[in-house]
Amino acid sequence: MPHNSIRSELITERGCTGLASSLHIGHGGLNQLGGAFVNGRPLPEVVRQRIVDLAHQGVRPCDISRQLRVSHGCVSKILGRYYETGSIRPGVIGGSKPKVATPKVVEKIGDYKRQNPTMFAWEIRDRLLAEGVCDNDTVPSVSSINRIIRTKVQQLFNLPMDSCVKSLSPGHSLSK
């Protein structure tokens, strides 16, 4: 069976010896299919390449999953990335994402909310794209827009209470 050689390559690559069933490396071990894994680490390139090769041969993802002892979700994710980008390389681990809440974007979001306070975050996102303020790579997510509204934009709306409400003396009310 081809998966045995890949599993032994994986075990060797991870610097382990002994039986695969006793494999416990750091935060890894064996998955439900009996395949070796290490939490938070990408599959070795040899396994990724084998997934793509089997898919090119017409093997269904669920069969690839069982044969290589890799979860179906992992197989689907690798194939999806391969079909989209042509690469089997894993995504970047760690690092930081580029900042999307630039002062210009925050200002525009504030403008939109002042013009239409009931505007939804997804509508703001669509408008940022339509007006060319952002492109598909730099537009904030709906949750980011909601966070910007909660933190940065509302700060612009919030005035000190003493400038809005005159203090009342005991026995006086707001009515005439």
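A residue is called buried when its relative accessible area is under 20%, exposed when that value is over 50%, and partly exposed in between. These words are used below for a predicted model.

The chain has 176 residues, and buried residues make up 27% of them. Its secondary structure consists of eight helices and two strands. Read from the N terminus, the order of the elements is α-β-β-α-α-α-α-α-α-α.

Helix α3 covers residues 61–68, and its buried residues are I64, S65 and L68. These three lie on the same side of α3, because they cover an arc of only 100° around the axis.

R69 belongs to the loop between α3 and α4, the latter being residues 72–85. For comparison, most residues other than glycine have a negative phi. R69 has a relative accessibility of 25%, so it counts as partly exposed.

Helix α2, residues 45–56, contains V46. V46 and I88 are separated by 42 residues in sequence, while their C-alpha atoms are 9.9 Å apart in space.

The surface has patches of two kinds to look at. Which residues make the nonpolar surface patch of about 320 Å²? F120, W122 and V142 make this patch. F120 sits in the loop between α5, residues 103–115, and α6, residues 121–130.

The other patch carries positive charge, and K99, R147, R150 and K152 gather there on the surface. One of these residues, R150, is part of helix α7, which runs over residues 142–157. Is R150 buried or exposed? R150 counts as exposed, because its relative accessibility is 52% and the cut-off for exposed is over 50%.

Taken by residue, then, the three accessibility classes can each be found in the model. I64, S65 and L68 of α3 are buried. R150 is exposed.

Technical notes:
Residues are numbered from 1 along each chain as its sequence is written. This is a predicted model: local features need pLDDT of at least 70, side-chain atom pairs count only at pLDDT 80 or more; totals for chains, interfaces and linings use all residues. Side-chain values use heavy atoms; hydrogens and water are left out. Patches are made of residues with over 30% relative accessible area and no salt bridge: like charges are joined within 9 Å, nonpolar side chains (Val, Leu, Ile, Met, Phe, Trp, Tyr) within 5 Å. Accessible areas come from the Shrake-Rupley method with a 1.4 Å probe; for residues, only the protein chains shown count as cover. A salt bridge is a side-chain nitrogen of Lys or Arg within 4 Å of a carboxyl oxygen of Asp or Glu. Lys and Arg count as positive and Asp and Glu as negative; His and the chain ends are not counted. The place of a charge is taken as NZ of Lys, CZ of Arg, CG of Asp or CD of Glu. Helices (H or I, at least four residues) and strands (E, at least two) are DSSP runs, numbered from the N terminus. Buried means under 20% relative accessible area, exposed over 50%, partly exposed in between (1.4 Å probe, protein chains only). The arc is that of the directions from the helix axis to the C-beta atoms.
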